[in-house]
Amino acid sequence: MTQLVWNGLFVGSFYALVALGYSMVYGIIKLLNFAHGDLYMLGAFSGFAVLSALGGVSAAMTLPVLMAVLLLTMVSTGLAGVVLERVAYRPLRGAPRLSLLITAVGASFAIEYGMRAATGPDPRVYPVRLSGTSIEVFGARLTLQQLALIGVALVLMVGLNLLVTRTREGRAMRAIALDPRTSALMGIDVNAVISRTFFLGSALAGAAGVMAGAYYGKIDFLMGFLIGLKAFTAAVIGGIGNIPGTMLGGLVLGLLESFGTYWLGGEWRDVFAFGVLILFLTVRPTGLLGERVTERV
Amino acid sequence: MNETTKAPEAPRKIGAQRPQTRLSKLFDNRWVGLVGLLIALLVPFVNASNYTMSIMTTAAVFVMLASGLNIVVGFTGLLDLGYAAFFAVGAYTSGILATRFDLPLVATVPAVIVVTVIAGVIIGAPTLRLRSDYLAIVTLGFGEIIRITANNLPVTGGPSGIYGIPGLTDSPVSLYFVTVVIVAIAVIGASRLGRSRLGRAMRFVREDEDAAEATGVHTYRVKLAAYIAGAVWGGLAGVLFAGQVSAISPNSFTFLYSATVLMAVVLGGMGSVPGVVLGAIIISLLPELLRDAADYRFFIFGVLLIIVMIVRPQGLWPARSKEALK
């Protein structure tokens, strides 16, 4: 039982990290960034590239090295997100929503199959594998590395929340979310803030990608597809556009999946998750913590 | 300021003030469709090899899928990313019925229509009340649910699927003729639907849902009708597919397939029936011609989607509304 809860929290913290980027971008420009899951994949691959370039990493140094790689990857994935926004989404600002969604699907394809063309279709094995001493907590087994990854995820999420609620930059983001035109009149450089939002969201997805690579040990060019869907589900459960809600949603989805798998069997895990998504959209489309938003005409 | 600076162009109304070029006259010509059908029917007299017939039949089924998705995406403006789900529901329903009860494929059609309508209602009813971008993701999730379910249930044959489905006809050439005729009827049906009162309501919903609601269009009902129509078109295309390949497995109905159909609709021109037919033919025959570039195919698809949306959102053969001319 406790084991299920721990597994759920662990997977859920991955979901939450990826979902945050989704949620931030959606909150600001109401765009479902379909390619977000692929930025996660991009993060995993750029982490792989950095680690391979470093050569052999001794087991004792694993965690500090991984942190450094994590930082590097976050920067590079973040920049990729900025480029994506500049090339694919900015020319269409103000276009009908359908065009933007289709562009996002196109971007997702371009990243996935561009990566396939660059690295080949075979999965890669991560040069660093986190497996080590396990400890007993309340009758459940978990490794120190798992704890460390949950810790990193938590630190990132808390940092992001502080950034959005306490800083000048965060205030600008929230202003644009409310009304981009008026924010521009108040002297906010709207395009720059949107760019930086993409940077942050993509960096978080990249971090999750490296962590997933190091934990599961195997990466491939389609790994972002499913996690993108799951992250969207998490964002909807928590309330899309709402940062604490999204974190909560990720954890809730992780727990639901962990228990659902236990009851129904592993092959139904994804069906269960999407079933939950449809159920949530029917019963409470604003999510657990989202406010009811009335559409203005 | 330079003296030669031109006055800003007045915003153009679609199809209204634009001078007619030879190309746009061709686009408006009503006989184009008939000529296209004649060409399609003449192909077997030029080349009737099994390979040609096979790719041409596949292309015809693809045209039917695209014209069905066009009702949902093009006319009504609802992005459906799991369209292959209905294709799968149709193919599996007819495949299971035909192999279990020894029925001819044609006899399964009523059951397929009933099942796809039910599937359309199940997925559409809760989600069509929501914002359109939620619908995109939910349909994507639904597509995955159908595929995974087909992969895990005993009745659908699991990962190996269903085989030994009876064909519609005996020879590849007659199958091609039957398919082309059925697809032509489906395309004409979609086109007539677009011009009907319901079709006008669909386009109104696409342009401005709130204004449509305010002028008395029951938007939810219109969206559901469009969604169900799309589901039925997809399901019937599934029957044709099952009859053509005689063995179906979950791998035929991936997200990639849904996205390819969407690509055809977007490239041809959303909401334009001749455009969508053209787009579907291009998308399904291009990989046969460019076998060497197979590795880059989906990469090119993705980039093309972005470019089309930025440079030419109306597609290759844009929809022209006759109402704008009045």
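Modeller: Start with how each chain is linked to itself. In chain B, residues 24 or more positions apart account for 80% of the contacts with a separation of 6 or more. In chain A, 78% of the contacts between residues at least 6 apart in sequence join residues at least 24 apart. Keep in mind that this is a predicted model.

Biologist: How many residues does each chain bring to the contact between them?

Modeller: One general point on interfaces: their size is often given as the accessible area lost when the parts come together. Here we count residues instead. Chain A brings 32 residues and chain B brings 34 residues.

Biologist: Which helices of chain A supply at least two residues each to that side?

Modeller: They are α4 (97-119), α9 (223-238) and α11 (269-283) of chain A. The largest share comes from α4(A), with 15 residues. Sorted by class, the side of chain A that touches chain B has 23 nonpolar, six polar and three charged residues.

Biologist: How do I read the packing of two helices, say α9(A) and α11(A)?

Modeller: Look at the angle, the distance between axes, the hand of the crossing and the residues that meet. The angle between α9(A) and α11(A) is about 35°, and their axes are 10 Å apart. Their crossing is left-handed. From α9(A) the contact uses Leu226(A), Lys230(A), Thr233(A), Val236(A) and Ile237(A). On the α11(A) side, the residues include Ala273(A), Phe274(A), Leu277(A) and Phe280(A). By class, this contact has nine nonpolar, one polar and two charged residues.

Biologist: Why are α2(A) and α9(A) called oblique to each other?

Modeller: Angles over 145 degrees would count as roughly antiparallel, and 65 to 115 as roughly perpendicular. α2(A) and α9(A) pack at about 130°, with their axes 7 Å apart. The pair is therefore oblique. α2(A) passes α9(A) in a right-handed crossing. The residues of α2(A) that meet α9(A) are His36(A), Gly37(A), Asp38(A), Tyr40(A), Met41(A) and Ala44(A). Their partners in α9(A) include Met223(A), Phe225(A) and Ile227(A). By class, the contact of α2(A) with α9(A) has seven nonpolar, four polar and one charged residues.

Biologist: Is Leu42(A) buried or exposed?

Modeller: Count the neighbours; the cut-off for buried is 20 or more other C-beta atoms within 10 Å. Leu42(A) has 27 C-beta neighbours inside 10 Å, so it counts as buried. Leu42(A) sits in α2 (residues 36-54) of chain A. Leaving aside residues up to four places away in sequence, Leu42(A) touches Thr77(A), Ala80(A), Ile111(A), Gly206(A) and Gly209(A). Thr77(A) is 35 residues from Leu42(A) along the chain, yet their C-alpha atoms are separated by 6.7 Å.

Biologist: How do I find the buried face of a helix? Please use α8 of chain B.

Modeller: An α-helix has 3.6 residues a turn, so residues three or four places apart point the same way. In α8 (residues 197-207) of chain B, the buried residues are Gly199(B), Ala201(B), Met202(B), Val205(B) and Arg206(B). Seen down the helix axis, they fall within an arc of 160°, so they line one face of α8(B). Exposed Arg197(B) and Glu207(B) are on the face turned away from that buried side.

Biologist: Which helices do the buried residues of α8(B) pack against?

Modeller: They pack against α3 (50-75), α7 (172-195), α9 (209-214) and α10 (219-245) of chain B.

Definitions and conventions. Residues numbered from 1 in each chain as written. Chains lettered and ligands numbered in written order. Predicted model: local features only at pLDDT ≥ 70, side-chain atom pairs only at ≥ 80, totals over all residues. Contact = placed C-beta atoms within 7 Å. Helix = DSSP H or I, 4+ residues; strand = E, 2+ residues; numbered from the N terminus. Nonpolar A, V, L, I, M, F, W, Y, C, P; charged D, E, K, R; others polar. Buried ≥ 20, exposed ≤ 12 C-beta atoms within 10 Å, placed from the backbone. Axes fitted to C-alpha atoms, helices over the stretch in contact; angles between N-to-C directions. Parallel < 35°, antiparallel > 145°, perpendicular 65-115°, else oblique. Left-handed = near helix turned anticlockwise from the far one by under 90°. Arc of directions from axis to C-beta.
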